[in-house]
Amino acid sequence: MAAGTVAAGGLHVRRNDTVLVLAGKSRGRTGRVLRVFPSERRAIVEGVNFVRKHTKANPQKNIKGGILEREAPVDASNLMVVCGECQKPTRIGHRMLEDGKKVRVCRRCDGVLDK
Ligand SMILES: [Zn+2]
């Protein structure tokens, strides 16, 4: 499933974007993008796709053993950017500004997503 136009060499989602999750366990949830992995076309979204990791205790580093819940990367094609202007999930367009800067724009309201 395609979720927006992807710029060459990058993902349509960027760090600190608010995104809507389109597939998987967290479908329908929104969250902030914490990290992107462009080469893997994946992103970590706050509060989405928690996995349990078992950690070993390491008293020297003051780490307690047990189960740690952490976000795991999700496929970026399952994420849709939520526009900060119209507050709706949207496809992304691109526009060149007068100063030559390329920005992402909302296809719904034409709002600029990169400030
Ligand atoms: Zn918009």
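Begin by selecting Asp114 and Arg14, whose side chains are joined by a polar contact of 3.5 Å (a pair of N or O atoms within 3.5 Å; within protein, one must be able to donate a hydrogen and the other to accept it, and residues adjacent in sequence count only if both atoms are side-chain atoms). The model is predicted: local features need pLDDT of at least 70, side-chain atom pairs count only at pLDDT 80 or more, and totals for chains, interfaces and linings use all residues. Residues are numbered from 1 along each chain as its sequence is written, and side-chain values use heavy atoms, leaving out hydrogens and water.

Asp114 is buried, with a relative accessible area of 16% (buried is under 20%, exposed over 50%, partly exposed in between, with a 1.4 Å probe and protein chains only).

Next, select the zinc ion. Its protein donors are the SG atoms of Cys83, Cys86, Cys106 and Cys109, at 2.2 to 2.3 Å (donors are N, O and S atoms within 2.8 Å of the metal, or 3.2 Å for Na, K and Ca; water is not among the atoms, so sites may look incomplete). In sequence, these donor residues follow the spacing C-x2-C-x19-C-x2-C.

Cys83 is buried, with a relative accessible area of 1%, and Cys106 is buried with a value of 1%. Cys86 is partly exposed at 23%, and Cys109 is partly exposed at 33%.
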